[in-house]
Structures are given as C-alpha cells and as structure tokens.
Amino acid sequence: MIGVVTKPHLRNLFFRVSSLTKMRIKLVFVMEGDAPKLKADTMSKRNELRYGPPKKSGAAKAGRSYFKSFLKECLEMLECLGVPWVQAAGEAEAMCAYLNANGYVDGCITNDGDVFLYGAQTVYRNFTMNAKDPYVDCYTMSSIKKKLGYDRESLIGLAVLLGCDYLPKGVPGVGKEQALKLLETLQGQSLLQRFNQWKEQFQCDDTPSLAVKKVTHCSVCRHPGSHKEHERSGCKLCGSVMYCEPHDVEFCCPCEWHHSEQEKKANMVEDNIKKKARSCEDFPFYEVIQEFLVNKNKLSKIMEWQRPNLLTFQTFAFEKMEWTRHYACKKLLALLTHYDMVKRKSGQTDLNQLQAIRIARTRIKNGIPCFEIEWQKPEYYVTEDDQPMESFVVTVEEESLFQAAYADVVAHYKMEKLEVLEKKQKSKKHKLKEKGLSTVDGEIIDLVSQMNLQSSKQDFKLDRYELNYLTKKVPKGRSC
Ligand SMILES: [Zn+2]
Ligand SMILES: [Zn+2]
Ligand SMILES: [Zn+2]
C-alpha cells in the first residue's frame with residue numbers, strides 16, 4: 001500500500017545508523033536491561049494514582065512482551081549491519097555512562113539527563129539528521145563543572161531535592177532556585193555530605209539551639225549598651241573609658257546577638273530546605289543515591305564492528321520491512337563500501353573486500369568533494385528485475401576516504417585525466433602551431449600541483465574524524 005511504512009522503528013533505525021556511520025561515527029548500541037526495582041516501584045505507584053489499583057489483567061504483560069519483541073527486531077537488524085550492541089544490567093543510561101567514563105566510547109547519545117548522574121562525561125542531545133545541515137547539542141561534565149561549578153555529586157543531590165525518575169517529587173516544596181542557592185553555601189562540602197550531616201542532626205538533636213537574647217544597642221557606636229552609659233563610663237568594644245566612637249548604620253556589630261542574627265540569615269535557605277527534608281521519611285533516599293553512584297555494569301566482551309551482511313540484511317529487510325531485495329542491497333551498499341574503505345585505510349586489505357573498478361567522475365555532495373565509483377558487483381547483490389544485467393554497481397564516496405583506501409584507483413584516474421588533458425593540449429598546440437601561436441604547458445603543471453595539495457589537506461581532516469566513537473541507546477518505546 002502506498003504511504004504506509006512497515007515497521008517505522010526499523011526503518012528509522014536503519015537510516016539513522018546509515019547517516020551517522022557515513023559521518024564516520026562508530027556506534028555502539030546499549031540495550032536496556034530490567035528497570036531498577038526503584039523505578040518499577042515508582043511507576044506502579046504512579047499508575048495506581050492515575051488508574052487505580054493494578055488489575056491482574058494480561059494487558060501490562062502483553063505490552064511488555066510487545067515492546068521486547070520490538071527491541072529484539074532492532075537488535076536483529078543491528079547484527080545484520082555489523083553494529084555492536086551491549087546489554088545493560090538495568091537502565092541503558094547507566095551502561096552508556098559506564099562505557100563513557102571508562103573510555104570505551106567518546107560520548108553518549110541520549111536525551112535523558114540522568115546519564116550525567118550515572119557518570120557520563122560527554123552527552124549528545126537533540127540530533128537532527130538532515131544531511132545538509134546536521135546539528136547536535138553537546139554537553140560535557142567538564143564544562144558543567146567549569147561554568148556552573150557542579151560535579152556529579154551535586155547533580156545527584158539536586159535530583160534528590162528536585163526529583164528524578166526514581167523520585168518524581170523530590171523533596172516536596174523545594175524549588176530550583178532554592179536548591180541552587182543551597183549549592184552556593186556548601187563551602188567545599190558536597191551536597192550529599194551535607195544531606196548526611198542533616199540526617200545525623202535529625203536523629204540526635206531535637207532541641208533547637210539556644211536563642212541569644214537581644215540586648216539594647218548604643219545609638220552612636222552601635223555596640224551593646226546605652227549611649228548614656230557609654231557617655232558616662234565608656235564602651236568596652238570601642239575600648240574607651242568615657243564616651244564612644246560613632247559608627248554609621250551599616251556598621252557590623254560583633255556582639256553575640258548580631259552574630260547569631262547573621263548566621264540565621266545566611267542559613268535561612270538551608271534551614272528552609274532542611275525543614276522540608278526532615279518531613280520526608282526516607283530522606284536523603286540512600287537507595288536513589290546508590291542507584292546513581294554504584295555501577296552494576298560490566299563489559300563482558302570487546303565491542304567489534306563487523307562487515308554488514310548483504311545476504312542476511314536482504315532477508316531481514318524483506319521479511320520485516322517489505323523492502324525489495326534490490327532496494328535493500330542498494331541501501332546497504334553505502335555501508336559496505338564505507339566499512340571496506342575504513343578497513344583499508346587502516347591497512348587491512350583482503351580479497352573479500354569490494355573491488356573498485358574505476359572512478360567514473362568527480363562530484364560535489366553537500367559541499368564535499370566526492371568520486372562516483374564503479375564497483376564490481378558484490379556477491380549476493382540483487383539488481384532490479386527490469387534493469388539490464390550490469391557487472392558493476394555505482395556509489396558516490398568522499399574523495400578523501402576513497403583516496404586513503406584505494407590510492408591506486410585514484411592514481412590511475414588522475415593519470416588518465418592527465419593523459420586526456422595532454423592530448424587536448426597537444427591537439428590545441430597542433431592547432432596553435434598551425435596558427436603560429438605559443439603553447440600553454442604551464443596549465444598542466446598547475447593542475448597537478450592543485451590535486452596534490454587538495455588530497456593532503458583532506459587526509460588530515462580524515463584523521464580527525466576517525467577519532468569519533470559514540471554510543472547510542474536503542475530508542476525507547478514510542479520514540480521509535
Ligand atoms: Zn556607644
Ligand atoms: Zn562602642
Ligand atoms: Zn550588637
């Protein structure tokens with residue numbers, strides 16, 4: 001049926017993997033594990049509030065198994081594409097953060113900010129896959145620390161106060177501004193350390209600190225005592241035996257009462273939050289803090305990128321997405337050429353790799369110099385029924401990567417071009433000679449030197465791109 005996409009989640013996944021791979025990003029997917037008990041509790045409580053007590057119907061179970069089959073299909077496709085995936089013990093974000101924190105990957109692609117609480121260092125959000133104008137937001141823990149002064153523990157503390165997946169309400173009544181103000185008063189202590197201190201205070205001292213009695217202050221020196229007294233027998237704090245030293249209204253009196261007043265003012269924000277925290281039975285929610293701080297993930301095997309499999313993908317795409325075999329081959333070809341080029345660039349050549357026959361012409365794609373390549377038709381490649389049987393297939397590849405992988409083909413192409421040019425020049429020369437004019441050999445030399453310059457510049461760019469490795473989690477439920 002026209003206009004109906006079969007299994008859009010698979011289609012989306014395929015095209016996302018495809019465009020990110022072409023941007024030279026090496027993906028690792030993280031498969032969500034079982035939700036931590038904390039989250040399950042939160043979710044069932046939430047559902048109970050919304051929909052009443054849980055019914056023992058099979059609806060929830062069916063939903064879950066449907067979602068699981070969904071994820072299973074995604075993994076099946078990743079395996080056809082040769083993209084590695086790892087299984088998270090619980091939340092996918094926790095595994096992403098673990099891979100990132102331990103240097104297995106350069107960053108995490110997720111829109112869930114929890115990933116920083118789990119220890120991620122670099123997070124990419126809000127991807128747009130428009131090939132002409134790709135866009136992504138990048139956040140790093142180091143810039144959060146530098147610009148805002150918050151570290152991972154501060155963020156976990158904020159999640160406790162303001163709420164997170166495991167604690168939807170946080171500490172009721174505490175707002176963002178208040179919480180941020182509290183962070184400013186910590187003076188070297190972490191927010192979590194402060195919570196522990198509060199907890200101890202809640203448990204042991206129930207008696208409020210003794211209030212300091214207010215005393216009369218002199219209107220001239222603003223110290224304790226009356227002006228009359230000071231006139232007669234001086235002021236101790238002014239160090240006089242008669243009269244006292246005048247001070248203006250802003251003067252900071254060092255007496256005990258003023259000291260305690262100042263402290264009260266400074267602690268107002270903290271006391272306010274503390275009071276609210278005290279009324280939460282489980283504060284500071286150690287289980288939530290542990291969920292973020294204690295890693296449950298392990299990498300059991302090294303993630304390796306495999307060559308996309310033309311045959312299994314054809315079958316998969318046909319059965320799951322109703323793609324014709326030819327369409328599947330055409331779409332996968334770009335990933336295959338990319339895989340082989342990257343391998344060859346790193347010096348790994350073998351006979352199973354694609355054979356580039358020739359460069360048909362140069363092209364510019366999205367502002368990037370490219371070659372149109374004719375490849376020997378790979379094994380299992382299916383051509384369209386109504387098309388003549390060609391022995392080659394065509395793709396457009398970035399000049400720089402292709403040059404690094406198939407240098408000989410490029411050299412051959414350049415030679416050919418040069419020969420054509422020379423021939424042209426010769427016939428021109430011939431004609432000019434006939435007309436009695438001088439030649440222009442210089443043009444050829446210019447062209448060659450330009451070619452060399454261009455390719456060395458692109459090699460540098462290529463190395464920089466190659467450093468990119470990213471993780472991406474399997475898209476959750478509805479977002480697929
Ligand atoms: Zn005085
Ligand atoms: Zn005084
Ligand atoms: Zn005073």
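Me: At what angle do helix α8 (residues 176-184) and helix α12 (residues 268-278) pack?
Reply: This is a predicted model, where local features need pLDDT of at least 70, side-chain atom pairs count only at pLDDT 80 or more, and totals for chains, interfaces and linings use all residues. Residues are numbered from 1 along each chain as its sequence is written, with chains lettered from A and ligands numbered from 1 in written order. The axes of α8 and α12 lie 9 Å apart. Their packing angle is about 120 degrees.

Me: Which class does the pair α8 and α12 fall into?
Reply: Angles under 35 degrees count as roughly parallel, over 145 as roughly antiparallel, 65 to 115 as roughly perpendicular and the rest as oblique. The α8/α12 angle is about 120 degrees. The two helices are therefore oblique.

Me: Which residues of α12 make the contact with α8?
Reply: Contact requires C-beta atoms, placed from the backbone, within 7 Å. On α8, the contact is made by Gln 178, Lys 181 and Leu 182. On α12, it is made by Val 269, Glu 270, Asn 272 and Ile 273.

Me: How many bridges link β6 and strand β7 (residues 368-376)?
Reply: The two strands pair in the antiparallel sense. Ile 364 stands opposite Pro 369 in β7. The bridges number eight.

Terms used:
Axes are lines fitted to C-alpha atoms, for helices over the stretch in contact, and angles run from 0 to 180 degrees between N-to-C directions. Helices (H or I, at least four residues) and strands (E, at least two) are DSSP runs, numbered from the N terminus. Two residues are in contact if their C-beta atoms, placed from the backbone, lie within 7 Å. Two strands pair if DSSP finds at least two bridges between them.
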